[in-house]
2 protein chains.
Amino acid sequence: MGTIGIVGGMGPMAGLRVARLIVEHTVAERDQDHPNLVVVSNPAGIVDRSEFLTNRADINPAIGIADSLARLAAAGVSVAGLACNSAHAEPIFAATLSLLKTQRIDIELLHMIDLTVEEVSRRLGAGSRVGILGTLGTIQADLYGERLRKRGFETLTLPTHADLVAIHDVVYCPIRGVKANSKRVSDWAIDTLGEAIRHLNSMGADVIILACTELPLILEQSRSNDCHQLDPSLILARALLERVAPGRWVD
Amino acid sequence: MGTIGIVGGMGPMAGLRVARLIVEHTVAERDQDHPNLVVVSNPAGIVDRSEFLTNRADINPAIGIADSLARLAAAGVSVAGLACNSAHAEPIFAATLSLLKTQRIDIELLHMIDLTVEEVSRRLGAGSRVGILGTLGTIQADLYGERLRKRGFETLTLPTHADLVAIHDVVYCPIRGVKANSKRVSDWAIDTLGEAIRHLNSMGADVIILACTELPLILEQSRSNDCHQLDPSLILARALLERVAPGRWVD
């Protein structure tokens, strides 16, 4: 049996959440029924992805991500995922793969965005409308949009720059954002995200991708039960478990 | 700055919870403000601690614990803790330290029970009554009792074997226990633990140590607010953070 690895720290709570989802969704009666799992959360070593993608930081986050993957490999990990959507933008993800190769880090790296797009294709027919909520880095990199439109989906994002900045701030604001308030998210963050979801729904979204690993942390605390949202962290968690312990995932 | 390590898997959710407590209680505005942290959760590699301590398993869990510590060290960890109370029983903890030495694993290992007993001494005067709730392994090993009585405290445990078995089952029962139901604990587990707490309170406990890392998982889901309980996982989390990032813990 292999060992699952998670590159966390982007942010720290979102990384731990992927591990938690695996534990919660594993069929188990006792500790020993659970898969082997390692989380490396070295946030200070990884440049902010959105800062890099919007040209406000020069150092590629791939360097820190590859370092975390090297640590996971040293701890015995065979297959890993990155608990961050924007880390999958081509300039970061391709550089990460390249570093794995040159540093001879032997680890299989899953691609959360590709897995999510496959899940959308399984659930919805072509022509369906897919809403996307994420940070500015993810939206500007068009991480989901390009892949989804290639498969015949229509994609929807919030219409104005102010709307997009609001969701970015829900994640990043040092006062009221999730990253700064992981123990208890602010009412403002809950309300702003809820409003954005209603907005995309009113635009006709058949499903909404929560394209930032911090956003589901808000919904968990707001007790939202909307099943029209798709959580890439959950899809990654399931794929990681399937890789080392097929058939052990329970919804 | 050092890297915090957590030996999880005993059980898996309790291990992740220690990491979560560190993230929740770190003063941080952004990802990069959080400490470096690694969790190794290799549950299948670690023999059940209670089974070993009650002579129903021959292999010392220390072997698996030392293996997890070796993986943490390989991932760059400098200071670590075990997210399991019974793993601190002398036959297991001493063997773990011995394996670290012979295998030349260079990692500082904190002692959750010693830290908790120190915390009790800070909070309460000698002669105070300390209730202890835990699995049969922890209770039979008298993990907290011996240390607390040496410092002049009176210790209280549930009076009958049936009461003790009930709390053990709250953790271990493959149908209704926490280990088998980490996503949503059973009402039976919530009720049984609540009853045990009331029982120790009625016996005059000034504080109750939740001496199994799974028990706080139940109280978190039951929304209990009793501040007369002491959570060793929280005390370990704080000590680990203080070791790598002094002054960054916020209650």
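Visitor: In the parallel pairing of β1(A), which residue of β2(A) stands opposite A:T3?

Guide: In this predicted model, A:T3 stands opposite A:N36 in β2(A). The model is predicted, so local features need pLDDT of at least 70 and side-chain atom pairs count only at pLDDT 80 or more, whereas totals for chains, interfaces and linings use all residues. Residues are numbered from 1 along each chain as its sequence is written, chains are lettered from A and ligands numbered from 1 in the order in which they are written, and side-chain values use heavy atoms, with hydrogens and water left out.

Visitor: Why is β2(A) called largely enclosed?

Guide: Buried means under 20% relative accessible area, exposed over 50%, and partly exposed in between (1.4 Å probe, protein chains only). Six of the six residues of β2(A) are buried, and therefore the strand is largely enclosed by the rest of the structure. Both faces are covered, with A:N36, A:V38 and A:V40 on one side and A:L37, A:V39 and A:S41 on the other. In a regular strand the side chains alternate between the two faces of the sheet.

Visitor: How do you know that β2(A) is joined to chain B, and in which sense do the strands run?

Guide: Strand β2 (residues 36–41) of chain A is joined to β2(B) by five bridges, and the two run antiparallel. Within this pairing, A:L37 has B:S41 opposite it in β2(B).

Visitor: What is the order of the strands in the sheet that contains β2(A) and β2(B)?

Guide: Eight strands form an open sheet with mixed pairing, in the order β4(A)-β3(A)-β1(A)-β2(A)-β2(B)-β1(B)-β3(B)-β4(B). The edges are taken by β4 (108–109) of chain A and β4 (108–109) of chain B, each of which has a single partner strand, so one side of each is left without a neighbour in the sheet. Inside chain B, β1(B) pairs in the parallel sense with β2(B) over five bridges and with strand β3 (residues 79–82) over four. Residue B:V7 illustrates both pairings, having B:V40 as its bridge partner in β2(B) and B:L82 opposite it in β3(B).

Visitor: Why is β1(B) called largely enclosed?

Guide: Five of the five residues of strand β1 (residues 3–7) of chain B are buried, so the rest of the structure largely encloses this strand. Its faces are both covered, B:T3, B:G5 and B:V7 being buried on one side and B:I4 and B:I6 on the other.

Visitor: How many residues of each chain are in contact at the interface?

Guide: With contact meaning heavy atoms within 4.5 Å, 42 residues of chain B are in contact with 42 residues of chain A. The chains bury about 3,400 Å² between them, 53% of it on carbon and sulfur atoms, where buried area is the accessible area (1.4 Å probe) that two parts lose on being put together, summed over both.

Visitor: Why is the link between B:D31 and A:R49 called a salt bridge?

Guide: A salt bridge requires a side-chain nitrogen of Lys or Arg within 4 Å of a carboxyl oxygen of Asp or Glu. The closest N and O atoms of B:D31 and A:R49 are 2.9 Å apart, so by that definition the pair qualifies. The count between chain B and chain A is four salt bridges. On chain B, α1 (12–24), β2 (36–41) and α3 (62–74) each supply at least two residues of the side that touches chain A, and α1(B) gives the largest share, seven residues.

Visitor: Why is A:H88 called buried?

Guide: The relative accessibility of A:H88 is 1%, and therefore A:H88 counts as buried. This residue lies in the loop between β3 (79–82) and α4 (90–102) of chain A. Leaving aside neighbours within four places in sequence, A:H88 is in contact with residues including A:L82, A:F93 and A:L143.

Technical notes: Pairing = 2+ DSSP bridges.
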